[in-house]
Amino acid sequence: MPNSMDRRTRLVVYYLAIVVGVLSGFVLLYNYGMATWEDRPQPLYRSIEVVVQTVTTVGYGGDAPWSSPQMNYLVSLMALSGLVLIFAALPVLVVPLFEDAFRSSAPSSIRGIGNHIVLCKYGFREEVLIDELTERGVEYVIIEDDQETANDLYASGYTVMSGDPESDETLRRARLEHADALIANVGDETNPSVLLSARDVGPDVLTVSLTEDPDTADYHRYAGADHVLSPRRILGEQLADRAVGTFDREAIEAVEIDEDFDIAEFPLQSGSELIGRTIAEGGIFERTGAAIIGVWNRGNFRSPPGPETRVDARSVLVATGSEAELDQLKAMTLSERRRPRGAVVVVGIGVVGRAVTTALSSAGVEYTTVDRADGPTVDVVGDATERDVLREADITDAGTVVLALPDDTAAIYATFAIRELNPRIEIVVRANEHDNVSKLYRAGADYVVSLAAVSGRMLASVVLDEEILTPGTQLKLVRTTAPGAVGKSLADADIRNRTGCTVVAAERNGSVRTSPGPSFVVEPEDVLVVAGTDENISRFQRAFTS
């Protein structure tokens, strides 16, 4: 916003300078012409009056007509110049003034709202949560301390108010005492102040605080937070699990649904026997017993995949089965050539990168670190978008690289550079904004996890009391009831076609039925375990849980 205001100011200054310059030139030339060409010398103020009248199209004063051709040409030029200056004033002066006059301003208080969620600050994390809240019909209000940002959000249709989230009065004007929850995401040092104010205004309201640095979590709890979430740490652990799994045949990051029934994602490595083959040609179920319930392909999810679905080096299989069955499937997804242990490069040693290296160290995996800033844990100092820096980190011989960069544009560029230097490397990437996930896949990434999605899921699991089994993966897995499907079979409910989700298990009377078939009839007390993308899960909840 400041940049756009500076640009507008510059345009106005340039325009006024041009107007003053043009008018001054015309006045001097007109005054000279009247004395020289018309032989009618006059005071300068009289020439100023005539030039202004002519340029503004008001008239020509008492000097008309002129006998000399030079003066007639000059007056004609002044008239045309006046039209140009008037039309030029429209986009520079008139239109912005009207826009400012009709622009809606965000209010400083909210009325007539209750059982809502108070969001202290707006960002890409809150965007994901707001989508979830909107789809569930849950009201919310954003408190934004920057007036211009608040105005823009208000104009875009968000429920927002301007104010200082650290102020008791602001929280009262947000009707915090009538809210269900407050989410503090202003900053690690500011959140405790927000929480203390929230405890005074609404002592019974659920409070959630997000922290960038997990080491500060205790301070947030001391300030009264009911839940302290560190999405970056969860994201780092997930990236590390994926990195270990790309070359360790025994490492599988699976979600346990029942005692001997798990669900897991399997990226295909370059050199896997499944690449280029269809699900049927791979004979996965016949050879392993694991069932493929979905396939990710460059960020697009298909569930269930048909037997004719062909997979490639960028595909990720989603499968259910016992631990032994998933072990066999993993062996099929790995490269036939064993990769050396420790061939992992971690790029970006911030909160996420440190979480990655901690998890790799716990798994006994050696790694090389790259970061712009030097530090005790940085092996190679430099920009990961530069080929020389990547070569110094031995990227050409590495089996896996984890891009934990805070900037998605840099991550996209680095992905191109890494893929060029090492076409066979497995690239695991952190995306900050969910909209950039597909771009990273198109750039050549093998597996992308969105920080926005992780944050939004973690927040939704708390404020909506939703049990999300996979906060840090591409696939969303929830345990939920489905009142809209009660009394119907899965075939009659048509869950897959209507929502794109797959029911992977059903809990009834304390027991779990895995892979329920089309004839399975949903009963009132059943709890379903449903897998799908965030969008698919949202469609399922609108159709069957409302």
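Which residue in β6 does V208 stand opposite? The legends below refer to a predicted model.

**View 1. Pairing of strands β5 and β6.** H227 in β6 is the residue that stands opposite V208. Strand β5 (residues 206-210) runs parallel to β6, and 3 bridges join the two.

**View 2. The open sheet of 6 strands.** Strand order is β3-β2-β1-β4-β5-β6, and the pairing is parallel. β3 (160-162) and β6 (227-229) are the edge strands, each of which pairs on one side only. On average, neighbouring strands of this sheet are turned by 20° against each other, direction ignored.

**View 3. Helices α5 and α17 on the sheet.** Helix α5 (residues 147-155) packs on the sheet and touches β2 (140-144) and β3. The direction of α5 makes about 160° with that of β3. Helix α17 (residues 451-463) also packs on the sheet, where it touches β1 (117-120), β4 (181-184), β5 and β6. The direction of α17 makes about 165° with that of β5.

**View 4. Crossing of helices α4 and α20.** The axes of α4 (residues 124-136) and α20 (residues 534-544) come within 10 Å of each other and cross at roughly 20°. Because angles under 35 degrees count as roughly parallel, α4 is roughly parallel to α20. The crossing of α4 past α20 is right-handed.

**View 5. Residues in the contact of α4 with α20.** On α4, the contact is made by E132, E135 and R136; on α20, by D534, S538, Q541 and R542. Sorted by class, the contact has 5 charged residues, 2 polar residues and no nonpolar residues.

Terms used. Residues numbered from 1 in each chain as written. Predicted model: local features only at pLDDT ≥ 70, side-chain atom pairs only at ≥ 80, totals over all residues. Heavy atoms only, no water. Axes fitted to C-alpha atoms, helices over the stretch in contact; angles between N-to-C directions. Helix = DSSP H or I, 4+ residues; strand = E, 2+ residues; numbered from the N terminus. Parallel < 35°, antiparallel > 145°, perpendicular 65-115°, else oblique. Left-handed = near helix turned anticlockwise from the far one by under 90°. Contact = heavy atoms within 4.5 Å. Nonpolar A, V, L, I, M, F, W, Y, C, P; charged D, E, K, R; others polar. Pairing = 2+ DSSP bridges.
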